[in-house]
Every structure is written in structure tokens, then in C-alpha cells.
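Welcome, and please open your viewer. We will go from stop to stop, and at each one you will hear what to select and what is there.

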Amino acid sequence: MQQNFYLKRDQLSSVLSEISRSHALFVPQKKDDDYVYLPWAQIQGEEAIYNEYRGVEPIKSFLTHSKESVSEYFQSSGVLSETKPVAVFGVKNCDLSSLTLQDYVFEQGVELDPIYKKRRENLLIISSDCTGFKPTCFCLAVGNKPYPEKNFDINLSPINNGFVVEVGSPKGETLIRKLNQYFTAATTGQIAGSKIKRDNIVNDLNRHLATVNMPPANTLQKNIQEGYESNVWKEQMLTCVECGACNFICPSCHCFLLADEKKQDRSERIRVWDSCLYANYSKVAGGANPLNTRAKRLRNRFVKKFDFFPDNLGQFGCTGCGRCIEACPAKIDIREVLKALAKK
Ligand code: SF4
Ligand code: SF4
């Protein structure tokens with residue numbers, strides 16, 4: 001099947017309405033300077049909004065929930081309680097690259113997570129190019145582009161009055177075939193137009209990053225390794241209140257905790273997101289706690305993101321989305337930690 005199509009801008013809402021017939025569709029809505037995801041059913045009648053940059057919620061929220069029963073799933077013989085598969089519109093590349101990490105953890109480890117696998121198979125991803133960025137965005141500094149390259153079903157690149165639509169998977173191909181009345185073949189001029197817009201956003205973001213002055217991506221792993229005993233970890237963690245916000249908002253973080261919770265006359269096994277910055281994160285039943293200081297926990301987070309994942313997956317465990325910078329009440333900034341380590 002041909003890979004590039006054209007969709008008129010004024011037909012975007014009709015396409016999303018069609019998708020919502022078979023999917024629980026989530027779309028971004030603008031709230032101050034942010035985009036938050038709402039169910040399409042809740043905003044029906046309004047035009048779809050094209051988000052310039054990533055939403056508040058990381059894509060992992062659609063694949064593992066912050067707290068959910070896992071025993072329910074096994075008691076129902078592997079039937080997910082969700083009635084419709086989920087579709088998400090406006091996913092940006094920082095979230096798409098995090099899916100490679102989430103897939104690695106939940107699907108390619110010793111144990112396959114059946115709940116994640118089902119949700120992942122069902123998830124329909126309608127991604128789009130960034131046409132703007134937040135001051136905290138730094139994807140280019142960790143080797144990511146502000147436009148999708150993989151892990152999407154269809155991608156929208158805006159051009160005047162419409163979008164160049166790229167097909168990224170068999171699921172995307174089926175969708176285009178089903179809704180073929182909305183799509184025409186993209187012309188070479190339209191494809192060239194979308195490329196110019198991509199080049200422009202890369203240039204704009206590079207200009208912004210020049211003011212942030214982060215160390216080059218190819219030095220990050222070495223800086224973490226050489227800075228293992230550095231005072232930077234302690235200095236940077238003085239204000240941390242161990243809230244876990246940086247982990248929960250991160251599209252790449254994936255640690256979870258299994259616990260039993262009393263529910264009326266029985267107990268239920270639940271899974272909750274965990275945070276490697278919590279004091280008890282690595283505490284074991286005998287009482288030992290190898291990560292017994294905040295400095296060690298911060299270092300562990302950075303070693304995992306900038307040393308373990310490059311070695312094991314060929315990419316950083318940070319996609320440069322900037323969410324943790326905005327979420328941290330203590331104003332701990334991942335870019336500043338990386339800069340401090342480079343200077344040590
Ligand atoms: S570490 Fe921070 S900037 Fe990096 S992917 Fe996670 S939330 Fe985004
Ligand atoms: S968000 Fe900030 S204060 Fe909260 S755990 Fe992370 S580093 Fe600490």
C-alpha cells in the first residue's frame with residue numbers, strides 16, 4: 001500500500017468521529033499552556049485540536065494504570081474489563097520512543113505481562129509532528145526528533161490546510177482503507193512541504209537548546225559513569241521531598257509494586273506505579289536498603305536512564321519530554337543534573 005496520504009484539515013474531526021465508533025478515543029484539549037487528554041465522547045460537537053507539543057499525560061498511562069487490580073484480570077480468565085480498544089490522537093515522538101522501553105520491560109523480559117500486551121496490541125496511535133515546543137523540551141539533546149519515526153499507526157504532518165498522513169503499521173493501513181473516502185494520495189509538493197516544516201522546528205528547537213547549553217548526547221553515558229562518586233548527586237537532591245512525581249509523569253519510567261489490598265471480605269492483588277526516589281524503594285524484607293540515601297537513589301535513576309538502557313537497548317531511558325522538570329516541586333531539573341555532571 002502507498003505510504004503517504006493527504007487529509008484536509010476540516011475533515012480531521014470526521015475521521016476522529018469515525019475512529020471513536022470502534023475505539024475509546026482520547027484527544028488533547030488546551031488548558032493554559034498545556035494539553036490534557038479527554039475522552040472524545042466528552043468534547044463531542046467541538047472541533048478536534050491539533051496539539052503543537054506533547055500532552056501532560058505520558059502514553060504509558062494508557063498501557064499500565066497508576067493503580068489497578070491484577071487479580072481481576074486473572075479471575076476473568078484474561079478478559080480485559082475495558083469494553084473498547086483505546087485510540088490516542090496527537091501522540092508526539094518523545095512518547096513514541098518511550099514505547100520501545102515500555103515494550104522491552106513488559107513484553108521482552110523473563111515474564112511477559114499479559115495485561116500490557118493486550119492493551120498494547122489494541123492501542124491505536126494517531127501521532128503527529130511537533131509544530132512548537134515547551135521551554136522544558138529537549139528531545140534533540142538526547143537524540144530524538146520532534147517528529148515521529150516509528151511506533152505509530154498513522155502520523156499526521158501538518159501542511160497548509162491539511163496533513164500529510166504517513167502509514168506506520170498494518171493497523172494504520174487497515175484504518176486508511178476503511179476510511180478511504182477522507183484520504184487522497186499525497187503529492188510530492190505536499191510531502192516536500194511537510195519536510196520543510198520539520199526542518200524548521202528542528203532549527204527552532206536547536207536555537208532554544210543552544211541557550212540551555214546541555215552536554216552533547218554522546219558524552220552523557222561517559223559522564224554518568226565517571227561521575228559515579230561525584231558530589232553532584234547529593235547537591236542536586238538536597239531539596240527532594242520524595243514525592244515520586246518525576247517518575248510517575250515520565251513516559252519511560254516503568255517500575256511498579258505488587259501489593260495485597262483488603263476488599264470487603266477478601267483481598268485483592270493490585271499493581272501500583274512505584275518510584276525509585278522513594279526511601280523504601282529498594283528496602284528488602286530483612287531490612288537492608290542498598291539505596292538508603294536520596295543521593296544514591298538519584299544516581300540509580302540516572303544510571304538506569306543513561307547507562308543501562310544505552311547498553312541494553314541502544315537508546316537513553318530519557319526521551320527529552322521535559323515533564324519531570326515541570327512536575328518537580330523541588331525544582332530539580334534533569335538538564336541541570338546532566339550539566340553539573342559534565343562539569344565535575
Ligand atoms: S526523565 Fe524527565 S525528561 Fe526524560 S523522559 Fe522522563 S520525564 Fe521526560
Ligand atoms: S519530583 Fe522532585 S521532589 Fe519529587 S521525587 Fe522527583 S526529584 Fe524528588
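Helices (H or I, at least four residues) and strands (E, at least two) are DSSP runs, numbered from the N terminus. This is a predicted model, in which local features need pLDDT of at least 70 and side-chain atom pairs count only at pLDDT 80 or more, while totals for chains, interfaces and linings use all residues. Residues are numbered from 1 along each chain as its sequence is written, chains are lettered from A and ligands numbered from 1 in the order in which they are written, and side-chain values use heavy atoms, with hydrogens and water left out.

**Stop 1: the largest pocket**

Select α3 (93-107), α4 (114-122) and β10: each of them supplies at least two residues of the lining of the largest pocket. On a 1 Å grid over the protein atoms alone, a pocket is an open set of points with protein on both sides within 12 Å along at least five of seven lines, a cavity is a set of points where a 1.4 Å probe fits but cannot get out, and lining residues have an atom within 4 Å of a point. Grid points are joined across faces, edges and corners, and a volume is the space filled by probe spheres set on the points.

The volume of this pocket is about 200 Å³. To see its lining, show V70, F74, V105, F106, E111, L112, D113, P114, I115, F256, L258 and R271. Colour them by class and you will find nine nonpolar, no polar and three charged residues. (Ala, Val, Leu, Ile, Met, Phe, Trp, Tyr, Cys and Pro count as nonpolar, Asp, Glu, Lys and Arg as charged, and the others, Gly among them, as polar.)

**Stop 2: the sheet**

Now switch to a cartoon view and look for three strands in the order β4-β11-β10, which form an open sheet with antiparallel pairing. β4 (67-69) and β10 (256-263) stand at the edges with a single partner strand each, so one side of each has no neighbour in the sheet. From one strand to the next, the twist averages 35 degrees (axes are lines fitted to C-alpha atoms, for helices over the stretch in contact, and angles run from 0 to 180 degrees between N-to-C directions).

Two strands pair if DSSP finds at least two bridges between them. β4 and β11 (residues 266-273) run antiparallel and are joined by three bridges. Which residue of β11 is the bridge partner of K67? Select V272 to see that partner.

**Stop 3**

Six cavities of 30 Å³ or more are counted.

Residues around ligand 2 include C240, C243, C246 and C328; a residue is near a molecule or strand if one of its heavy atoms lies within 4 Å of it. The shell around ligand 2 has ten nonpolar, one polar and one charged residues.

**Stop 3: ligand 1**

Move to ligand 1, where the surrounding residues include F138, C250, R301, K305, C318, C321 and C324. Its shell has seven nonpolar, three polar and two charged residues.

**Stop 4: the second largest cavity**

Finish at the second largest cavity, with about 110 Å³ of space. Among its 16 lining residues, C94, C130, C137, C139 and P146 are the closest to the centre.
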